[in-house]
Amino acid sequence: MRTAFAALAALVLLVGCQGILGERLVDDPAEPTYPDDTDAVSIEYRNGLCDGNCPSFSVEICGNGTVFYTGFANVNATGLHRYSVPQSNATAVLNASYRADFFELNESYPAQADGVSSRWTRVSIGNNSHSIRDYGSSWGTSPERLGEFQATLLERAAVDPLIRGDSRDVDDERYDELEGRKPFCA
């Protein structure tokens, strides 16, 4: 009797585990699809003005490794700068967007404090595009994975030497103009 009960319990447990494992396999994310045309990829990040001396800038990395940086305030380099990074850097940023499930994230994460810098991030792959406005995980409600993706973007776009500074000049005209322009990579 005990053997029959133990066998029945083992069978129920095995069937239950098989169902759980089967569901897990079905729920695994699909392998990322990379575009054949690197010109189809554009990833942009903007760090806005704040009440303090936050660096205000925009950076866009194209699928081929071309980077467009525009510095506005509290940065080492103001104005528009174009340079290149290895194409593998652009691929790493695209990989980071997939790891963060960027296209599944909300379009907006509100601030939890006044006067903090807003961040805007957009990923475009061909005709598929998604953008997010957030205030960071420490001042807003955005998930950590978004911040990790943004950190990878800034690192791979090699903007650190351009943004680390304390210039108090604010280029308001260029800042306003940026809001209405199309992406440089397109």
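## Conventions and helix 2

The expected span of a helix is 1.5 Å times one less than its number of residues. Helices (H or I, at least four residues) and strands (E, at least two) are DSSP runs, numbered from the N terminus. Helix 2 has 13 residues, and the distance from its first C-alpha to its last is 19 Å, close to the 18 Å expected at 1.5 Å a residue.

The model is predicted: local features need pLDDT of at least 70 and side-chain atom pairs count only at pLDDT 80 or more, whereas totals for chains, interfaces and linings use all residues. Residues are numbered from 1 along each chain as its sequence is written, and side-chain values use heavy atoms, with hydrogens and water left out.

Six strands form an open sheet in the order 4-3-2-1-5-6, with antiparallel pairing; two strands count as paired if DSSP finds at least two bridges between them. Strand 4 (79-84) and strand 6 (128-134) are the edge strands, each pairing on one side only. From one strand to the next the twist averages 10°, with axes taken as lines fitted to C-alpha atoms (for helices, over the stretch in contact) and angles running from 0 to 180 degrees between N-to-C directions.

Strand 1 (residues 41-47) pairs with strand 2 (residues 56-62) in the antiparallel sense over six bridges. Arginine 46 has serine 58 as its bridge partner in strand 2. Strand 1 also pairs with strand 5, again antiparallel, over seven bridges; in strand 5, valine 123 is the bridge partner of isoleucine 43.

Strand 5 is mostly covered, seven of its seven residues being buried, where buried means under 20% relative accessible area, exposed means over 50%, and partly exposed lies in between (1.4 Å probe, protein chains only). Arg119, Thr121, Val123 and Ile125 point one way from the strand, while Trp120, Arg122 and Ser124 point the other way.

Strand 5 runs antiparallel to strand 6, to which seven bridges join it. The bridge partner of arginine 119 in strand 6 is aspartate 134. The two strands form a hairpin with two residues between them, and glycine 126 in the turn has a positive phi of about 65°.

Aspartate 101, which follows helix 2, has a positive phi near 50°.

Helix 4 (residues 144-156) lies across strand 1, strand 2, strand 5 and strand 6, and runs at about 105° to strand 1.

## Positive phi in two loops

Asparagine 74 is not a glycine, yet its phi is positive, about 60°. The residue is found in the loop between strand 3 (66-73) and strand 4. Asparagine 74 counts as buried because its relative accessibility is 7%.

Alanine 158, likewise not a glycine, has a positive phi of about 55°. Its position is in the loop between helix 4 and helix 5 (160-163). With a relative accessible area of 38%, alanine 158 is partly exposed.

Note on methods
Contact means heavy atoms within 4.5 Å.
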